[in-house]
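I opened this notebook to record what I looked up in the structure. The entries follow the order in which I consulted it.

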Amino acid sequence: MKRASASFADNATAALADAHLQRALAEMPRGFAAARARAKERLPEFDALRRIGRDIKDHALSHLDLYLEAFERNAERAGTCVHWAATADDACDIVLEICRETGARLVTKSKSMVSEEIGLAARLRAAALEVVETDLGEYLIQIRGERPSHLIAPAIHLTADDIAADFRRCHRHLPQGRDLSSPEALVAEARGVLRDKFLSSDVGITGANFLVAATGSAIIVTNEGNADLTLSLPKVHIVLATIEKVVPTLPDAWTLLRLLARSGTGQDLTAYTTLVTGPRRAQDSDGPAACHVILLDNGRSEILATNMREVLRCIRCGACMNHCPVYCAVGGHAYESVYAGPIGAVLTPALAGAPETRELAQASTFCGRCESVCPVEIPLVTLLRRWRERSFAEETFVQRALLQTWARLALHPRAYHLVARFGAALLGRLARARGAFSRLPLAGRWTRHRDLPAPQGPTFQHLWARRSEPR
Amino acid sequence: MTSGETKRPRVALFVTCLVDLMRPSVGFAAVRLLQAAGCEVGVPAAQTCCGQPAYNGGDRSSAKKLAAQTIAACEGFDYVVAPSGSCAAMLKLHYPRLFAGDTKQEPRARAFAERVYELTSFLVDVRGLASVPGAFAGRVACHDGCSGLRELGIARQPRALLASVEGLELVDLGEAQSCCGFGGLFSVKYPDISNAIAARKTAAIADAAPSLVVSGELGCLLHLAGKLKRDGSAIACRHIAEVLAGETSAPPIARTGRGSAS
């Protein structure tokens, strides 16, 4: 489904024509939106909490160096080995080096968007390591060779029938005639397959939802408990996190956790919330012998210095996607980027820097529902508009000239009213018999799907001027 | 409600370029409502467009010039009222942002913004209008334009006014918070997505089975009326001001013939 040259518009058109994808999209993102509304209802102070969440992230971002150094100090005190990585390659190199030192052959992973961002799994496989995703959704897209289509529900584009077919294709050691008709049967099969991997894994890699500077802890949330098995069973645990994940204190993290699940899935809390502070201690009965945290920049410190910095508040809940009319219509893969939806349209061009990714900012109705549900009040529409401002100078001559010619006309009210008057009169006369155009030269992009309502004929300004003329 | 002792406020109607061009009957309906609310109405001749297409298209420089022109055109009025939530939000919220940091223009834009209102919120919140001239027999659904809804918080006011219309039965639309897919230039830049979003909205409209859809946003209405007509639906669309003012002699949007109802 991926064509390197395809634009978002082409991908979207293909996605809209994909009846199978449309069936999958009909339920899920909107189901999350409804669940969020119910969760918000249960917590009257929710909007006040959003403002507090915003302030916590803004404060942390304003003193990022300070809190990162504090995190490093406190994490090392707890026995964690902290690594700094400037680029995606640096982070992959560090992971590979740790795997090499450990003599690892099998690496288990829990869900991490950062690992997608840096292409970690491919790098590990190229070094002959077996990599297994343990989040159910991530496991599904791994066996399908796809990329996640949603921040928190990576396989949201799949139906239960898709999953059953994939399991029959990939789990050849299991009896062919087994019953996979219920979600429970699918989950049970995945659990069985993954259990073996958890138990024989050498290195477990997780992301982090938050890093706590005051304690040197990483906080990881899941609904499946797979991160806990990923991080506690192997000899070595690696936390891969980008630098904007750091918050000052545990209470700050609790505040953001109160927002995270409610915003994403509509749960009050996820099923599992795990704090990791260093490797196994002498008195612990289990846990990894070594714990590493990789603090990755990969463009964040540059974004921090631009007028896009609010995007770094994001806590990856996915609410903006679940409430976006465009995302809900076409799904995540049309964006052809690791991060989809409104947050992806802002973040992708900021991270990638490639001008063509700025098209994503055009593909918005600016309905503003994304920012109205964002748990940390990222002004997504304002940020999308900033990308459009940057694109405007680079737009094709024709597009720019059209907009500027119209604006120049609108800056001369007399001429504007004259042109409007004749244009409206002409169109009004042409369509009078039908009230609307089903086809009109130059308006094909409107009339492809909709009739174009005809003007009533005279303009308001013309009628008003005639009406107020002294008799 | 305005008693004789207080001066009638002078209101500039910012008619919006879409109403001016496509549907002047909305402008006259707005004038009638403002007069019913005890206002003296003027229509500044030097107004054209609020500049939103330029602003959202990334052309900040043109948007600023149009903002300055609009502010100058509406000098000398107590209020500026627009029959559109998105144009009112542009004037009220985005003009000050356009001039942020400009010591001369920013205070002017802020003072201007304080006088700006969307039509239904002005009638209800500022003028306390409790009853309107219009009468309408039939089921009516109200669509919220996104800018009015989220930027200005307008949802209660149009419904309060509709509830006062004699004979009118107000029905709720499902997915009331969701966009209709118009989005200005988005509707022609991404026609397929725009249409898919509209289809969800028109499905919600069909479920509610009104005879008429009204909205304070002519852009949404042009989009929805065009979609409904293309799909063969009999459900009509009008700007809310027409129904409130009883100015329903013109045919509904995209339709022909006389007809006060639909």
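**Entry 1: a strand pair in chain B**

Which residue in strand 8 of chain B is the bridge partner of B:Val214? I looked this up in the model, which is a predicted one, and found B:Arg238. I then turned to the two strands themselves. Strand 7 (residues 212–215) of chain B and strand 8 of chain B run parallel and are joined by 4 bridges. I also noted where the side chains of strand 8 (residues 236–239) of chain B point: B:Ala236 and B:Arg238 go one way, while B:Cys237 and B:His239 go the other way. All four of these residues are buried.

**Entry 2: the domains of chain B**

I recorded two domains in chain B, with domain 1 covering 10–125 and domain 2 covering 130–245. Their C-alpha centres lie 22 Å apart. In the contact between them, domain 1 of chain B takes part with 30 residues and domain 2 of chain B with 25 residues. On the domain 1 side, I found that helix 1 (17–22), helix 2 (24–36), helix 3 (52–56), helix 5 (85–98) and helix 7 (119–126) of chain B each supply at least two residues. Helix 2 of chain B gives the most to this side, with 7 residues. By residue class, the side of domain 1 of chain B that touches domain 2 of chain B has 16 nonpolar, 10 polar and 4 charged residues.

**Entry 3: chain A as a whole**

I next looked up chain A, in which there are 23 helices and 12 strands. Its C-alpha atoms fill a box of roughly 100 × 60 × 45 Å along the principal axes. Of the 471 residues in chain A, 48% are buried. Among contacts in chain A with a separation of 6 or more, 74% come from residues 24 or more positions apart. Chain A is also divided into two domains, namely domain 1 (46–301) and domain 2 (397–468). The centres of these domains, taken over C-alpha atoms, are separated by 55 Å.

**Entry 4: where the chains meet**

How many residues of chain A are in contact with chain B? I found 51 residues of chain A in contact with 58 residues of chain B. Helix 19 (residues 380–392) of chain A gives the most to the chain A side, with 5 residues. That side divides into 29 nonpolar, 13 polar and 9 charged residues.

I then looked up the largest nonpolar core, which has 225 residues. Those with the most contacts inside it are A:Ala241, B:Leu13, B:Phe14, B:Leu33, B:Leu34, B:Val81 and B:Leu91.

**Entry 5: a sheet in chain A**

I examined an open sheet of 4 strands in chain A, with the order 8-5-6-9 and mixed pairing. Strand 8 (246–247) and strand 9 (272–276) of chain A each have a single partner strand, so one side of each is left without a neighbour in the sheet. Strand 6 (residues 217–222) of chain A runs antiparallel to strand 9 of chain A, and 5 bridges join the two. Opposite A:Ile219 I found A:Leu275 in strand 9 of chain A. Helix 12 (residues 250–264) of chain A lies across strand 5 (210–212), strand 6, strand 8 and strand 9 of chain A. The helix runs at about 165° to strand 5 of chain A.

**Entry 6: single residues**

Is A:Pro234 buried or exposed? I recorded 25 C-beta neighbours inside 10 Å, and A:Pro234 therefore counts as buried. A:Pro234 is found in the loop between helix 11 (226–232) and strand 7 (236–242) of chain A. Not counting residues up to four places away in sequence, A:Pro234 touches A:Thr108, A:Ser201, A:Asp202, A:Val203, A:Gly204 and A:Pro288. A:Gly204 is 30 residues from A:Pro234 along the chain, yet their C-alpha atoms are separated by 6.0 Å.

Most residues other than glycine have a negative phi. A:Arg316, however, has a positive phi of about 60°. A:Arg316 is placed in the loop between helix 13 (300–304) and helix 14 (319–322) of chain A, and is partly exposed, with 16 other C-beta atoms within 10 Å. B:Ala254 also has a positive phi, near 70°. B:Ala254 is found in the segment after helix 13 (240–245) of chain B and counts as buried, with 26 C-beta neighbours inside 10 Å.

Note on methods: Residues numbered from 1 in each chain as written. Chains lettered and ligands numbered in written order. Predicted model: local features only at pLDDT ≥ 70, side-chain atom pairs only at ≥ 80, totals over all residues. Domains from an automatic or database assignment. Contact = placed C-beta atoms within 7 Å. Nonpolar A, V, L, I, M, F, W, Y, C, P; charged D, E, K, R; others polar. Buried ≥ 20, exposed ≤ 12 C-beta atoms within 10 Å, placed from the backbone. Core = buried A, V, L, I, M, F, W, Y, C linked by C-beta atoms within 7 Å. Pairing = 2+ DSSP bridges. Axes fitted to C-alpha atoms, helices over the stretch in contact; angles between N-to-C directions.
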